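I opened the model to look up a few side chains, their partners and the overall build. My entries follow in the order I made them.

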Amino acid sequence: MPTEPESTVVTLPEAANKLITPRAPATGRIVRNESCTFGKSNAWVRDVAVDVSGTELAGKFRVGQAFGVIPPGTDENGKPHKVRLYSIASPDSGEDGHGNVMSTPVKRTIDEFDPDIAGHRRAHRGMFMGVCSNYLCDLEIGDEVLVTGPAGKRFLLPVDTERHDYVFVATGTGIAPYRGMVMQLLNGPAGPTRRDVWLLAGAPYTSDLIYHELFLEFDREFENFHYLQAISREPRTPGAKRGIYVDALLVEELDRLGPLLEGPGTLLYLCGVAGMQFGIYRRLATLGLLDGYAAPKSGVCDGSPAEWTNVQMRRGLRATPRCMIEVY
Ligand code: NAP
């Protein structure tokens, strides 16, 4: 039951940015490295926590920002590896309550070069192992790691969290920031929020869901927190070839999500695979709920939303301040 009036104006906090650059990285230390998928999954994802106390990052990072990691060694051109960014999955107070330890879910990149796929650089088939993800996942407690950051100014919780409701949408490792945001909103120093918080998570298989048990626990404990899953490769009904994508959850829960999304202060966050935002836009527009989250340029997205193409939406829709997007 909200106590504060809703606010249509979204004020984001000032977030420290690029305090530590790749030219002069700081040294962090691994304090946790454990699997964070639901059971045994072929998507190996590990929750890696880094202690950054004594560095410029300590007490300065915010949930929703990213930090950088520089893996050791050199690339195929003999140059030092470049920095890779990882989303911070910890609340502002960190894993330790003092902003000294931040965590991130790291998915091992394991793929096959395929000469038939544009962009794959090798002319012959062969395994490809992501340099930084596998380096991080292999680290032991106590190992040192070079870090940079923080980075990001927009994918943040608002200053006045009690004046908004929240719809968080994720696919895959895009769930990262929501772990910290949900922890901050429900378990933060200010006490649990009284606003509504929805988390819609997409994954290929149930076993791939990241931080699933934590979110189930919050869902059981807090009446105003709702956790839904969209499993794309597990059919829900006999005869169906596939499961569902996250945007289908908006329809399934329309009775409750419809009025919430119509609320003038509701914030929508989208994080994960590129293209997911278009499915959400199309679905919201079809349901008459897009207003407030994306502003159409006239003449580009005319006609029935069900027919809008991704190209049209990329050109014709601009996210409003109530819609935060982080997709890759
Ligand atoms: P993943 O485990 O493969 O899961 C992605 C899920 O999204 C799958 O169920 C996939 O379904 C589904 N999907 C694919 N296209 C979709 C669409 N248009 N609309 C809705 N759902 C869709 O994901 P991942 O390997 O973690 O990759 C996630 C992406 O998020 C990466 O590109 C990553 O760079 C990015 N990201 C990560 C972070 C982070 O903090 N780590 C932050 C922001 C973004 P099917 O595969 O069955 O089609």
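**Entry 1**

I started with Asn134, whose side chain reaches the backbone oxygen of Gly130 at 2.8 Å. I count a polar contact as a pair of N or O atoms within 3.5 Å; within protein, one must be able to donate a hydrogen and the other to accept it, and residues adjacent in sequence count only if both atoms are side-chain atoms. This is a predicted model, so I note the limits: local features need pLDDT of at least 70, side-chain atom pairs count only at pLDDT 80 or more, and totals for chains, interfaces and linings use all residues. Residues are numbered from 1 along each chain as its sequence is written, and side-chain values use heavy atoms, with hydrogens and water left out.

Asn134 sits in helix H1. Helices (H or I, at least four residues) and strands (E, at least two) are DSSP runs, numbered from the N terminus. Is Asn134 buried or exposed? Asn134 is buried, at a relative accessible area of 7%. My cut-offs are under 20% relative accessible area for buried, over 50% for exposed and partly exposed in between, with a 1.4 Å probe and protein chains only. Not counting residues up to four places away in sequence, Asn134 touches Arg108, Thr109, Ile110 and Met129. Contact here means heavy atoms within 4.5 Å.

Next I checked Ser133, also placed in helix H1, which covers residues 131–138. Ser133 is buried, with 6% relative accessible area. What does the side chain of Ser133 reach? I found the backbone nitrogen of Thr109 at 2.9 Å. Setting aside neighbours within four places in sequence, I list Tyr86, Val106, Lys107, Arg108 and Thr109 as contacts of Ser133.

**Entry 2: salt bridges**

How many salt bridges does the structure hold? I get 11. The criterion is a side-chain nitrogen of Lys or Arg within 4 Å of a carboxyl oxygen of Asp or Glu. Side chains of opposite charge can pair when their charged atoms come close.

I looked at Arg32 and Glu95 and found their side chains in a salt bridge at 3.0 Å, N to O. This pair links distant parts of the chain, 63 residues apart: Arg32 is in strand E1 (residues 26–35), and Glu95 is in the loop between strand E4 (84–87) and strand E5 (101–107). Glu95 is partly exposed, with a relative accessible area of 24%.

Glu95 also meets the side chain of Arg179 in a salt bridge, at 2.9 Å from N to O. Arg179 lies in helix H2 (residues 176–187) and Glu95 in the loop between E4 and E5, so this pair ties together parts that are 84 residues apart in sequence. Arg179 is buried at 8% relative accessible area. I then traced the network of salt bridges: Arg32, Asp47, Glu95 and Arg179 are linked in it.

I also checked Asp165 and Arg195, a salt bridge whose closest N and O atoms are 3.2 Å apart. Asp165 lies in the loop between strand E8 (144–151) and strand E9 (166–171), and Arg195 in the loop between H2 and strand E10 (197–203), so the pair ties together parts that are 30 residues apart in sequence. Asp165 counts as buried at 6% relative accessibility. Arg195 is buried too, with 1% relative accessible area.

**Entry 3: a loop tyrosine**

Where is Tyr205 found? Tyr205 is in the loop between E10 and helix H3 (212–221). Tyr205 is partly exposed, with a relative accessible area of 36%. Leaving out neighbours within four places in sequence, I see Tyr205 in contact with Ile231, Arg233 and Glu234.

**Entry 4: the whole chain**

The C-alpha trace spans about 55 × 50 × 40 Å along its principal axes. Of the 328 residues, 47% count as buried. Among contacts with a separation of 6 or more, residues 24 or more positions apart account for 70%.
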